[in-house]
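Thanks for coming. I'll take this one piece by piece, and you can follow along on the screen.

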Amino acid sequence: MEEMSCVYGINHKTRCMVSQEAEQEKNRFIIGTQDPRNDNEIHLLEFNEDECDISSIIFKHPGEVWSITAHPYLSDMIFTTYKIPNSQTMETSLWKMNTVDVTENTVTEYKLDNMATFNSNYKIKKIICEPTESATKLATLEDNTISVWDINNITNTSESIRQYTIPSNQYNDKIQLTAGVWSPHSNDIFVTTNNENVFTWDCRKDGVGMKIENAHEMLINDIDYNPNKPYFIATAGNDCNVKLWDIRLPKEPLKIISDHSHWVWNVKFNHYHDQLLITSSSDCQVNLQSAVSVSSSAKFLEEKSIIITDEKSDFDDKTSMDDSITYNKYEQELFYTGTGSSHPVDGIVSTYDQHEDSVYAITWSNSDPWIFGSLSYDGRFVINIVPSEEKYKIFNITCS
Amino acid sequence: MENDKRIMNRTNKEKARGLLKSYYGIKEKSNVKKIPRNPSDINSIAFDSNEYIKKVKKEYNMKSLLRENNKLSAEMKLLDSEMKGLIYDNYRKFINANDSIQNMRKEIENIDTEMSNLFDKVKNITKTSSEINNSLETSREKIHKLNSVNLLLKKLQFILELPARLNYCLNQNPPQYSQAVFYYSKTEKLLKKYKDISGFNKIDEECQEIIQKISKKLKINNTKMPMKESSMNVGLLIGLNFPPTQLYKEYSSYASIHLKNILIASREETSESNEEQLQNMDKLNDSFLSELNLFIVSYSNYFLEQDKDALTNVLYYANLNDDERMDATHKFKEIINELCNDYLKILSEELKTSQKNNNTKEEVYAQSHVLIKSSHSQINKLEALQKLTSLKEKVLNITVDWIIDVVEDLFQCCEDKLFDTYYKEIDNSLTDNFEIHINKSEKYIINEFTNTIIPKLNKITKENIKELDLLSDNEVLIYTNINKCLKNFWINMFNKMTKYSSSLSYRTKVSPKLLLYVQFCDCLSIGTIDSLYNIYIKEIYKMDKEKEEEEEEEEENKEKMMEKESASPTSGDIFNKEKEALDDLSSCISECQKLRKTLLNRYAQVAGNHLIYIAKKEFPEKLYTENDKISDFWIPVLQQLEKYCIDITKVIYTNISKHTDSISAESSPIRSRLATPTPFNNPYLLQNSQASSSNFSFNNPYISNDQNLMTNIDRLFTERIEYYNNVNLSRINIKSNIINILLKGIIEYVRLFSFTKEDYYQIQLDTEVIKALLWEFVEDTKILDNILEDLKASVRVRCSEENLMKEDFGNKIQIIIASLEIKNF
């Protein structure tokens, strides 16, 4: 029953990890370490499913890494935001992961080449990129400012194309941009979170687009965009909740998932099956959630449930209306919350407790739709695979 | 072939002959033939004496011959005598017959003469009768003619007199239109038929004129006319063959205007006092409803009834075809609906004004009750109204709504008063004993229930509803709704508390009101809801049962079978309602328990987050304070925590003793280890030096530089802490949870900073102080230890310098604590 999982340990504190965005063939993850004393590293990990092992390439990185972003179409390029050792200044650079063969000793040397460093006037905390191969834009998140850049023209001197400032909130709290995600459905739209709010931005326009104010009761840590359903997003916050939203309906979330017992740091939609969500939290747990009822598969399920109830009503035509209603209700409960059904239902699929410290980063593999990695503060990186039972359930709706 | 034919012919002929013979009684030859010829058989026809003698001679011997001879002669003698007897007999009969024939012949001669006499007489009779007939024939015809002429003349007379009669009817005071119309409707056809005859024509014209006059007077569009008169007029107009489609339209529009006028008139009369209002309403009910009823009766009789035989007391009715009838029905329903709605509007407005006019709720209630009762009683009297409109149901709905309003209001008042008096915002100066406070509020609800709500409900269900003549179904409906109201009472209360809890923000201090709510929920779920439902069910349902039982007994005495059957479903339904109430009870209790848990979790969460918020706001760039004192940001946090703890200690009274016991038991081994108790009796103050030194010795050999490992190992053996949603109703548990949430939040926060050696020194000092301060106020000191250890480790790994030292603070902790003056956790 226990699905295979694979652990990789790093002897540093770690906070950030991404999957290699441009790599479509291999399960590759990039981890940046965060150690205020030692030299920091970038670990490029490759998970081999068949062997179930993790091989790694380690690059030296100057300064503790606070954020990593993989380049959307160049597999050897990464952006990192890091703190220069023994100072309080942060910098953001574009790096090329170089593997140089030193012929004499037949030893391969791994080196990060600094391709460009952003102007230090920008106090960049995080970078988000357009997620397509033909990406042209990236956005940098500062404390209360968002700058949009031309991704193909990043040099030491380049300036942002466009800037947005987050309006101050009613409590006069310090504005604190925490996360952002580019819409996979439009080249010009991205969503950011700051404090308790969610804002959407359109690169073609000035000012805030749609917004969800007070989406969470406390600080929002992460946001992700549903890859199959436009306008559908997921947010994770310090109120221990994960909320699923239709951004056009900012009053009420579509669904609230509260299975964590401390702050939720990450939420990520599966790239293919958007009913699967992984969440990580400082309660040291990683949860695999199913939110079928608000996913793109909901329509398949509904069709099916309609068919099934129709069949049923043919049989029980003579039974009273009340009976059929309760039956339908029962049927729906079965679908979305019940057990024993061969269809996916809402709720937690599995909980992973291999971590012993807060899990600050989590991501799906870019090549295999069922593999995801999670990284805790103590440097433990764990690969997990979606249970096959759940896979079959998902295939059951979309394929039959 | 020919042979065959011949044979066929012969057999046919023989057959025919045979048939003829049998007809004439001649024996058939064939019969003779069939008998086998035996000449020696003496009984046979073919007997041949000679043959027989020959045979006998041949076969018999002498003796037997002699014997044969004797036998034969004896037989012959016997036969002879028999024959003689027969002949005598026969002869005698013949003579008798002859005698009687002679007698008969004599008598017949007499009859003949008599018959001829009779015949003659009959002939005479016929003759005279035909003579008479002939003589009378002419006069009879005359009589016939005269008779018919007489009738005709009578009719003619009537017709000739008709104009006069009609005029007479017209001139009567009051004019007797109906009589006139009756006359006219009888003669109309005749007049129409013989229009061509000059005299008739004249009469017809005259009549027409009069009828015209009458029909002009038979107005139905005069809206001031009372319904009865108009309805009669409509009937008369139908009798006068006015086009019925137009008639029903006119009639219905008249009725609508007329009835509306009544309604409007009633609106115009403003009523100041209750008596006036009631009088007005009575008047309205009386006039409007009975007029409406009349309209319904006559309209449906005139235009809608299909079964003409059913109309026994109606002289005139319109023959509408199906389409027209449909239209008429449609129009009728439209008007009736409109009127009913207007009426209902007035009724509900009256109810509203009764609210305005009266000051106390009692008066409003009584007035509304009287008003509703008045219209109920009026409607119950009017059969057609009930049959053809839904007015009764609608008035009933208003009644039910009104009752629900009243009941809801009762509950709402109780709830409002409860929250106003007992659960207002608690200010800090309030030093009540909250247990007593909550008990008071509990008592208040129970009092309110037993003294106000239940008697009122009883009054409604037992007296007032009965007065309204409701059907048992509707009574059940009212019970259902009262149950619902009671449930809503709880749900509203719960919602109020939930709403309050969700309106809280971590940015400000959580009011102890939330804790008070928690305690209140606890109190409710333990006993209050249960006892209130007990009172409720006992009062509302048991009394009802007794009554019913009594009734049933009485009924049983009278008519056992019938009445029992009709009574049992009612009690059964109400019994179901009682069950429903019991279900509500259990669901309310479980809801309440759930709510208690949510509120408690919510309290810990918001309070913890508020403390984190303060910590973040106060968090300095540098932790280090140079002097030996606790880092600055702790002060406001601890102060606030103290406030929370004071709140908790003040408000929460459940499970106190139990947990303090368990704590003291838990800490006792540590205490016993200490030879001499310190003034603070705090193991951590003493333990500090020991523990830290032992830690040192343990760390030194190999893993001096990686204390991280130690914490990790430690972590392996401790259970994971559930930070949120794990709070129990006890002081210590709530406090522990808040502290856990606070410390965990600070851990997460410090990981975002970089620190120096001095900061690490400071955090060690801080954690020791915190530990010494708080150990007594948490459930599990081990957990506190772990979290503080984590905090230290988190700061340590964020230090940019190496070779960090574990410090030994000695007496500093005690001094700091003494200087802090924050101890009331």
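This is a predicted model. In chain A, let me start with an open sheet of four strands, in the order β2-β3-β4-β5, with antiparallel pairing. The edges are β2, residues 14-19, and β5, residues 53-61; each of these has a single partner strand, so one side of each is left without a neighbour in the sheet. From one strand to the next, the twist averages 20°.

β2(A) runs antiparallel to β3(A), residues 27-33, and five bridges join the two.

Is A:Gln24 buried or exposed? A:Gln24 is exposed, because its count of other C-beta atoms within 10 Å is 11, and a residue with 12 or fewer is called exposed. Leaving aside residues up to four places away in sequence, A:Gln24 touches A:Asn366 and A:Ser367. A:Gln24 and A:Asn366 are 342 residues apart in sequence, yet their C-alpha atoms are 6.1 Å apart in space.

Now a second sheet in chain A. Four strands form this open sheet, in the order β22-β23-β24-β25, and the pairing is again antiparallel. Its edge strands are β22, residues 264-269, and β25, residues 347-352, and each pairs on one side only. Here the twist averages 20° from one strand to the next. β24(A), residues 286-290, is joined to β25(A) by five bridges, and the two run antiparallel. Within that pair, A:Asn287 has A:Thr351 of β25(A) as its bridge partner.

Stepping back to chain A as a whole, there are three helices and 28 strands. Of its 400 residues, 46% are buried. Among contacts between residues at least 6 apart in sequence, 48% join residues at least 24 apart.

On to chain B, and one helix in it. α8(B) covers residues 244-268, which is 25 residues. How far does α8(B) reach from its first C-alpha to its last? The span is 35 Å, close to the 36 Å expected at 1.5 Å a residue. Several residues of α8(B) are buried, among them B:Leu247, B:Tyr248, B:Tyr251, B:Ala255, B:His258, B:Leu259 and B:Ile262. As a reminder, an α-helix has 3.6 residues a turn, so residues three or four places apart point the same way. The cover over the buried residues of α8(B) includes α7 (227-239), α9 (274-304) and α10 (322-357) of chain B.

Next, confidence. Chain B averages a pLDDT of 75, and 79% of its residues score at least 70. Where is confidence in chain B lowest, and where is it highest? It is lowest in α19(B), residues 656-673, at a mean of 40, and highest in α22(B), residues 731-750, at 88. Over residues 558-569 of chain B, pLDDT stays under 50, and the model has nine contacts for them beyond four places in sequence. Residues 686-706 of chain B are also below 50, and that stretch has 16 contacts in the model beyond near neighbours in sequence.

Last, the two chains together. 17 residues of chain A are in contact with 19 residues of chain B. On the chain A side, the residues that touch chain B are seven nonpolar, five polar and five charged. For the complex, the predictor gives an ipTM of 0.85 and a pTM of 0.69.

Key:
Residues are numbered from 1 along each chain as its sequence is written. Chains are lettered from A and ligands numbered from 1 in the order in which they are written. This is a predicted model: local features need pLDDT of at least 70, side-chain atom pairs count only at pLDDT 80 or more; totals for chains, interfaces and linings use all residues. Two strands pair if DSSP finds at least two bridges between them. Axes are lines fitted to C-alpha atoms, for helices over the stretch in contact, and angles run from 0 to 180 degrees between N-to-C directions. A residue is buried if 20 or more other C-beta atoms lie within 10 Å of its own, exposed if 12 or fewer, and partly exposed in between; C-beta atoms are placed from the backbone. Two residues are in contact if their C-beta atoms, placed from the backbone, lie within 7 Å. pLDDT is the predictor's confidence in each residue, from 0 to 100. Ala, Val, Leu, Ile, Met, Phe, Trp, Tyr, Cys and Pro count as nonpolar, Asp, Glu, Lys and Arg as charged, and the others, Gly among them, as polar. The expected span of a helix is 1.5 Å times one less than its number of residues.
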